[in-house]
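My entries follow in the order in which I looked.

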Amino acid sequence: MKYGRVYNFSAGPAMMPEEVLEDIAAEVLNYRGSGMSVMEMSHRSQVYQKILDDAEADLRKLMGIPENYKVLFVQGGGTVQFAMVPMNLMKNGVACYIETGVWSKKAIPEARRYGEVLVPASSADRQYSYIPDCSNLEIPENADYVYLCENETINGISWPSLPDTKGKTLVADQSSMFLSRPCDVSRYGLIWAGVQKNVGPAGMSVVIIREDLLRDDLPQYVPTYLRYKTHADNGSLYNTPNCWAIYCCGKVFRYLLDNGGLEAQAKRNEEKAAVLYDFLDGSEFFRATAEKNSRSLMNVRFVTPSQEEDAAVIAAAKAAGFENLKGHKSVGGLRASIYNAMPKAGVEALADFLRKYEKR
């Protein structure tokens with residue numbers, strides 16, 4: 001790590017690749033001879049239109065997004081998408097939500113404002129430590145979609161494979177595992193991801209939506225801005241977008257393409273996570289909370305024998321240059337978020353620190 005930077009294990013906003021930050025820093029005062037920063041230029045200018053077009057083109061290439069899907073850059077994060085999804089997709093007024101952690105649980109009451117929500121599977125019985133069997137879900141014929149959170153940041157679990165939705169549209173919150181591995185977009189009707197965890201700065205979500213789900217017949221109460229079709233029809237420029245976030249995300253898309261794409265990134269992520277999980281599985285003091293077949297490669301949640309020891313480890317780690325290891329307030333414990341930008345050296349250094357701490 002350069003510039004006196006620490007190893008930042010924050011769940012979001014999270015660290016970005018140093019190479020990307022250096023590139024951004026070099027352009028922050030004068031973007032490629034324009035005489036101004038991206039933060040200052042008009043979103044209607046030709047210069048910015050190219051930034052937007054390049055970002056979308058690179059993301060499409062990175063994920064292999066089919067032509068019949070729109071890519072939208074929408075202001076706001078998950079809290080906005082919790083409402084936009086049911087507002088736009090509830091045609092029959094029924095949806096199925098699979099409850100696997102804090103974020104899928106938070107999405108349910110928001111969706112219930114707009115229709116009936118059924119929960120065909122849940123892992124609440126074991127404190128959201130696993131992904132339930134979803135090979136034979138009870139999904140009614142009139143269900144508009146099936147919703148899941150593909151990686152639960154707080155609980156540290158991730159879907160090893162997608163559920164059988166019985167032909168119903170699959171909607172996925174991919175916020176904390178977006179671009180961490182290859183993705184067959186055609187298996188989804190809609191993917192959304194808050195970018196502040198694995199792609200860029202806070203304040204925006206990427207939405208990838210199949211064109212047939214863009215509706216003209218929405219209820220009158222749905223605000224203009226909260227209609228996916230509004231953004232699709234206007235190329236994400238209905239109003240002033242989050243110009244800076246789009247620019248930064250575009251840099252990350254290009255960085256991933258230049259470094260082997262999602263296949264190579266997935267391999268790096270598997271290797272990083274193995275370093276930490278292997279240590280935890282062999283430890284007598286630390287314990288990973290997620291069951292092995294449901295473990296997240298992005299968010300590693302673990303605990304010590306007591307809350308007091310948790311706090312002592314967090315304090316000692318901070319003093320040693322490892323930031324943001326405190327678990328979410330709703331579950332406690334410790335959590336190391338090791339997104340794409342976290343180098344393997346950072347995970348190895350953390351595992352070494354924890355190993356020495358345990359010996360002491």
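**An edge strand and its surroundings**

I began with β2 and found that, in this predicted model, β2 pairs with strand β10 (residues 204–210) in the antiparallel sense, over seven bridges. I looked up V71 within this pairing and noted that its bridge partner in β10 is I208.

I then traced the whole sheet, which is open and consists of seven strands in the order β2-β10-β9-β8-β5-β3-β4, with mixed pairing. Because β2 (69–75) and β4 (116–118) stand at the edges and each has a single partner strand, one side of each is left without a neighbour in the sheet. From one strand to the next, I noted a twist that averages 20°.

Next I turned to the helices, and saw that helix α2 (residues 46–63) packs on the sheet, where it touches β2 and β10, its direction making about 125° with that of β2. Helix α3 (residues 78–89) lies across β2, β3 (94–97), β5 (145–149), β8 (169–173), β9 (190–194) and β10, and runs at about 165° to β9.

**Nonpolar cores**

Which residues touch the most other members of the largest nonpolar core? Among its 57 residues, I found these to be L59, M63, F73, F178, L179 and I208. Helix α6 (residues 243–258) gives the most to this core, with nine residues.

Notes
Residues numbered from 1 in each chain as written. Predicted model: local features only at pLDDT ≥ 70, side-chain atom pairs only at ≥ 80, totals over all residues. Heavy atoms only, no water. Pairing = 2+ DSSP bridges. Helix = DSSP H or I, 4+ residues; strand = E, 2+ residues; numbered from the N terminus. Axes fitted to C-alpha atoms, helices over the stretch in contact; angles between N-to-C directions. Contact = heavy atoms within 4.5 Å. Core = buried A, V, L, I, M, F, W, Y, C linked by side-chain atoms within 4.5 Å. Buried < 20%, exposed > 50% of the residue type's maximum accessible area, 1.4 Å probe, protein only.
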